[in-house]
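Please read them with the coordinates open.

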Amino acid sequence: MKRTLQYLFKGLAILLPIVVTFALLQWLLVTIETWLKPIWITLLGESSYFPGLAFISFLAIALLIGFSSRWNFIDSLWQLPGKLINRLPLLRSLYGTINDIFEMMSGKNFAEESVVLVTLPGSKLRLIGIVTKKSGIKGDRLSELMEGDQVAVFLPMSYNVGGYMVIVPADCIESLTMKPADALQLTISGGLGKNHSGKID
């Protein structure tokens with residue numbers, strides 16, 4: 001009986017993430033199709049519309065918005081809806097979490113020269129991380145907790161949107177010539193994705 005329960009829980013651990021992923025994808029596709037399909041039918045007519053056009057146009061809009069955010073004035077306009085949502089107590093936490101995940105994946109909040117190779121004290125284990133904070137920043141809660149030679153490093157996890165934040169001495173890190181977004185993609189894929197530029201000795 002005990003072994004049967006172990007197999008059951010193991011099976012659930014394998015299946016549930018897959019089921020949740022497909023459910024979210026289905027919800028996203030249905031939502032986008034529901035919102036944009038009437039617009040395309042109005043513009044092109046029922047006969048010219050084909051399934052998937054709404055999703056393709058959604059991706060094109062997302063790409064256009066992302067490209068236009070290069071200019072500060074336009075980027076500030078795109079930020080307005082998010083600022084309004086952040087004022088609503090019920091939506092603030094959910095929106096903030098989702099927004100933080102996407103910004104983390106894009107490497108937006110990391111400095112260009114922040115990718116490092118971390119050697120944990122007393123260990124030969126080496127991990128790719130991104131420096132998020134240094135000591136000596138007045139008014140910053142995390143920075144004030146660190147001693148003069150310490151840095152906070154985010155260590156992303158493979159095949160998971162998450163990671164660990166560690167505080168290590170500055171002599172435990174070694175700079176890597178790699179963009180933060182590339183470092184995140186490389187680490188999250190477990191090194192199985194496409195090659196990224198970066199020197200690891």
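Predicted model: local features only at pLDDT ≥ 70, side-chain atom pairs only at ≥ 80, totals over all residues.

1. Residues are numbered from 1 along each chain as its sequence is written, and side-chain values use heavy atoms, with hydrogens and water left out.

2. Helix α1 covers residues 2-44, and its 60 Å from first to last C-alpha is close to the 63 Å expected at 1.5 Å a residue (helices are DSSP runs of H or I, at least four residues, numbered from the N terminus; the expected span is 1.5 Å times one less than the number of residues). Gly45, with a positive phi near 95°, follows α1.

3. At Leu36, α1 bends by about 35°, with Pro38 following within four residues (the bend is the angle between axes fitted to the seven residues ending there and the seven starting there).

4. Thr31, Ile32 and Leu36 of α1 are buried, meaning under 20% relative accessible area with a 1.4 Å probe and protein chains only. The buried residues of α1 pack against α2 (53-68).

5. Because their axes cross at roughly 100°, α1 and α2 are roughly perpendicular to each other (65 to 115 degrees; axes are lines fitted to C-alpha atoms over the stretch in contact, with angles from 0 to 180 degrees between N-to-C directions).

6. Ile39 is found in α1, and at 46% relative accessibility it counts as partly exposed, the class between 20% and 50%.

Conventions
Helix = DSSP H or I, 4+ residues; strand = E, 2+ residues; numbered from the N terminus. Contact = heavy atoms within 4.5 Å. Parallel < 35°, antiparallel > 145°, perpendicular 65-115°, else oblique.
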